[in-house]
Amino acid sequence: MSLEALAQEKFWDNKAQCEDAENAFHARLSGAKASSPAPAGLAAEIAKARQHIKNSLECVDVIEAVAGGAASADAGVVKKLKDLELENKDLKKVTSDLKAMVLKLENRVSVLETAKPAVAAAPAPAKAAPAKAAPAPAAAADDDDEEDVDLFGSDSESEDDEEKIKRTEERLAAYNAKKATKKVVIAKTSVCLDVKPWDDETDMNELLKHVKTIVKDGLVWGASKLVPVGYGINKLRIIMVVEDEKVSIDQVQEEIAEFEDFVQSVDVESMQKI
């Protein structure tokens, strides 16, 4: 058993007394006389030495605990120092980059400032260009020649203008006449409708008569036929041609659907522009 375990053991506080009592008990059992107890001073010294050992062991435990805490604290401090060192390196790098960028900008600004005077001085010779105004006498001679020109025009020029106007009017008249005789194209649509009856007992001939009673300007009914649907029921397929500007296909469908005694539904089967 280690010293730490012995130091924590409460049983050893009165070990000497227990040993003395045990010896006396065995002596009584054997009928021998009990040995004289140890002197009180010696027992006290032994107890004092044992207490001193116990206190020393406790101090050792405290020192070890403190040392362990200090070691963990030192590890934390070391880690923080390393982090600060890395951060310091990053900041130094950023600072150096910024410094290099500022130096480049200063160099560019200095180059531009030195180049501006040269650019500004270059156009100076161009200002001497107005000195080429020497041909003024020739211009004066031209003015003298223009004095002989009739600014109001001659009779021949006015006659040419009249002929141009006449030709323009004739062309406009010919264009208007051609446009008036041109045939106007009327937009038409060929629509194939499917008219479904209620059942097989619906009189399809009467249904066709009712459909053709719808008469409109721009509506022409075409061919029709019966198409089997199933279970003895036939639907009426009929073609109509409508002028787009005059007749609405939806309106025609609604009017056919109003024959409620014969018609269940009206659908557009196909549609084609003409």
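Predicted model: local features only at pLDDT ≥ 70, side-chain atom pairs only at ≥ 80, totals over all residues.
Let's start with the strands. Four of them form an open sheet, in the order E2-E3-E1-E4, and their pairing is antiparallel. At the edges sit strand E2 (219-230) and strand E4 (263-273), each of which pairs on one side only. From one strand to the next, the twist averages 20°.

Now look at E2 and its partner, strand E3 (residues 233-243). These two run antiparallel and are joined by nine bridges. To find your way along the pair, look for Pro228, which stands opposite Asn234 in E3.

## Two helices on the sheet

Helix H6 (residues 204-212) packs on the sheet and touches strand E1 (188-197), E2, E3 and E4. The direction of H6 makes about 15° with that of E3. Helix H7 (residues 249-257) also packs on the sheet, touching E1, E2, E3 and E4, and its direction makes about 155° with that of E4.

## A closer look at H6

Which residues of H6 are buried? They are Met204, Leu207 and Val211. Seen down the axis of H6, the buried residues fall within an arc of 50°, so they line one face of the helix.

On the face turned away from the buried side you will find the exposed residues Asn205 and Lys209. The N-terminal end of H6 has a cap, Asp203: one of its side-chain oxygens lies 3.2 Å from the backbone nitrogen of Asn205.

In soluble globular proteins, nonpolar side chains tend to be buried together. Here, the largest nonpolar core has 20 residues, and those with the most contacts inside it are Leu207, Trp221, Met240 and Ile256. At least two residues of this core come from each of E1, H6, E2, E3, H7 and E4. The largest share, four residues, is supplied by E3.

Beyond its neighbours within four places in sequence, Asp194 is in contact with Lys235, Leu236, Arg237, Ser265, Val266, Asp267 and Glu269.

Gln253 lies in helix H7. Its relative accessible area is 15%, so Gln253 is buried too. With neighbours within four places in sequence left aside, its contacts are Leu193, Val266, Asp267 and Val268.

## An exposed residue in a loop

Finally, find Tyr231 in the loop between E2 and E3. Most residues other than glycine have a negative phi. Phi of Tyr231, however, is near 60°, a positive value in a residue other than glycine. Because its relative accessibility is 83%, Tyr231 counts as exposed.

Notes
Residues numbered from 1 in each chain as written. Heavy atoms only, no water. Pairing = 2+ DSSP bridges. Axes fitted to C-alpha atoms, helices over the stretch in contact; angles between N-to-C directions. Contact = heavy atoms within 4.5 Å. Core = buried A, V, L, I, M, F, W, Y, C linked by side-chain atoms within 4.5 Å. Buried < 20%, exposed > 50% of the residue type's maximum accessible area, 1.4 Å probe, protein only. Arc of directions from axis to C-beta. Polar contact = N/O pair within 3.5 Å; in protein donor to acceptor, adjacent residues only side chain to side chain.
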